[in-house]
Amino acid sequence: VAGDVVTLPDQWADLANGMAIDENRSRPGSAADRWDIHDDQNPGDGLFTWHPYDGKAPYGGELPDHHVNSICYPTPTNDATDAVDNCLGGPEWGKFSSIYGGTFPTIGPFDAVRPGETLLSNGVLDAGDAPMPSLPVEVFLGADSIGALKKVDKADIYTVLGPHAGQGSPAGPPDAGVVGYEYPHNLYAPFYKAFIPAATAGLDFRTGPYQAGTNNFPGYIEDGKYDYWNTFNKTFRNGFNGCYDVKGNDIPMPTGADKVEVYTDEHGEAWVKFFPYRGLFLEPDLNGLCDIYNGGKALYGEADITAAPYYPGQPVFTPGFQWGSASVHKVAYHHANKTLVCVPKARNVAFCVETVVDYNGDPIPGVKVKFTTSGDAANMRAASIKYSDELDTTTQDVIVSGGNEDFVIAKTGVTGQAGVEIVHSQDVCIDVTAENLDTQNGGFGILRFFEFNPHTGTACGGSTPPPPTPPVNPTPPPSGNGGGTPPPAPTGGSSQSTVVSLGGPVIQAQPVLSPTKTAVIASTNAKLFSVKVLQTKLGRFLVVNVKASKGAAKQKVLFLVKRNGKLVKKWKMVPAAKLRIQILGKNGNVLRTITRTVPVNKAYKISNLKLPKAAVSVRTSVKA
C-alpha cells in the first residue's frame, strides 16, 4: 500500500492486496480474496419486475446473478459472482446467498468465528467489503425548526419490489403474512440486524464491536441485537399554540423527537426520516385565533437538519477536525384554505357557500359554520343543493335553520362545504358572514365575509365574484421556495402598502429611521412612516414607525422588558395601530400573511415576527 495512510472503505482492496496473508499463502497480498467478506450496495446485475414463489420471472423480468455454489434455486445463473440476496424469500434476518452457499441466520457484523451467519462474499473485492464499525450518529433539528425525526427501516431502502412486498401475497411463501417476510430476491445488501455492541453469539464467543463504558464515557446505548436503523430519542418536544383549528382541536406545535441517535451499518451508512408536517409555530391574535386558512401555497415552516457522528467511548481528538455535517435546509408549504363566495341562484336569491380544506388541499367535513347577514336575515335558510361541480352542499349537516332564528348553523359535508340561500329584493349590497364556531377562543371565531347583491346577482363592495374550486385530486405540499401566485390585495379597510426589499443591506444595530413612502388611510388617522429591517444574532426582524394623532385607541401590545437582567415578554395597553404584513418570497409569491399590533409614534421592533430565510421582501400596510 502506497504511503502510510489508508482511507476506508475506499482503499479496502488496496489494503488487502498489500497485506492479506494466511497459513497457506505466505506472500503478503496472496490471500486478498479472503478479504471478500461482504457484498456491495447494488441489487445485482439482473432485476425483475415481479417474482412469485415458484422461482419464475414473468413479465420479462430477469433473475439476479447467483453463483453456482449458492443456495439459490432452481438454477444458478453464473459461476463467478453472487448478488447476495434473499433468493429463497423469508425474513430479513433469514437466508442470504453467497459464493460459498449462504448464511442463516444473517445477523452481523462480520465475525470469522461465525461464517455461517456473517460471511457474505459476492466474488468481488471492493470497498463494499470493508467492515465499517457501527458509529453512533446524532441527528438533530435546529432552533425554531418544524418537524420530527423517526426511524427508517433498512428493509424499506434496500429492496427491489418495495417495502415488505411479500406480505400477505397468495403467491408468496406459506408465511408471507408474517411481518418482515419477503418475496424471493426482494432484499439485498444485508445486514439488516447486528449485535451492537458485543453480545453472546453462542458458547463463549463474543461478537460485534466492543466498547466498555468506563472513565465517565457511557459507551453504546444499545445492548444486544440492533435492528438497522432504529433511532433512540435524545430530546422530544410537544405543546400547543393556544388556539384551535376549524374542528375545535388544539393546533399543535412541532411534536416529536427533534434529536435522535442512530447507528451506522456495516457500510458506514444510516438513514433517518424527517416528517415536516408534525405541528407548526403560531401566535394567536388578540382574539385568540390562529388563522392558518389563508389559501394558495402558504409557508408552513422551515427546518435545519444536522448529523453529527461521535466516538462511542472516550473521544479521539484530532487537531483541526470538526465533527458534524453541513445542515440541510428544508422549507415546507401547505394549502389550508377557508373561503366564502356568493353566486346568483335566481332573481333576488343568492347562494353562499363556505369551503374549508386542510394542509393538503383536501376537503374537511364536519366543520361547524355559522352564517349571518347584514340584511334581512330572516330571509336566510340552509341550502343543501348542488349548484355546480364546484359548489355542492348536498351532504352538509344542518343544525339550525329557519324558524325565528336570524342565523344558520351547518356542518360542512364531504366536499368541505356548507351553504345558505339568502333572499333580498332591494337593490342593496349586503354583507354575508361565515364564522367557524369551533375556533372561538374568548371572542369571535375565524370569519370570512362576502358582499353580494341578490337583486342584481353580482358581487359588490370589496368582494370579487370567482367561486372556489374544491380540489378533486389535490397536489401534495410542494417542496422548495419557487412558484405560487400571490393572492389579490385586500380591498376595504387597508391602506396602500409599502414594500421593503430584504435583498439589500439591512440594519446591523439600532436603525436610523428615515421616512419612506407614506401610506394614506381614509378610515383612520394612522400613517405608516417607515419600515426597516434589523439584523441580529437571532435573525432578521422588522422595525416600524406608525404616525398617528393624539387620541389613538389603546390596544394590547407586546414589549420586551428587562427583569433581573433578562429580557421577558410583557403586554401593555398603549396607543396603537394594527399592521397587515405580507412576507414575500421569490417572484412575489406570498409566504405568509399576518397581523401585528404596534405602538404609534415611536420606532418599534416586532420581536415576535422573525423573518424566514426564504423571505425576499415585505409588504406592510396599516389596517383600519
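1. Cys-87 is buried, at 4% relative accessible area (buried means under 20%, exposed over 50%, partly exposed in between, with a 1.4 Å probe and protein chains only). Its disulfide partner is Cys-72, with 2.3 Å from S to S (a disulfide is a pair of cysteine sulfur atoms within 2.5 Å). Both cysteines sit in the loop between α1 and β1, 15 residues apart (helices, H or I, of at least four residues and strands, E, of at least two are DSSP runs numbered from the N terminus). Cys-72 is also buried, at 9%.

2. This is a predicted model: local features need pLDDT of at least 70, side-chain atom pairs count only at pLDDT 80 or more, and totals for chains, interfaces and linings use all residues. Residues are numbered from 1 along each chain as its sequence is written, and side-chain values use heavy atoms, without hydrogens and water.

3. The whole structure holds 4 disulfides. One of them joins Cys-243 and Cys-290, with the sulfur atoms 2.2 Å apart. Its S-S torsion is about -95°, so this link is left-handed. Cys-243 is buried at 0%, and Cys-290 is buried at 4%.

4. Cys-429 and Cys-460 form another disulfide. Here the torsion is about 90°, so the link is right-handed. Cys-429 is partly exposed at 37%, whereas Cys-460 is buried at 15%.

5. An open, antiparallel sheet has 6 strands in the order β22-β23-β20-β25-β26-β27 (two strands pair if DSSP finds at least two bridges between them). β22 and β27 are at the edges with a single partner each, so one side of each has no neighbour in the sheet. Strands β20 and β25 are joined by 5 bridges.
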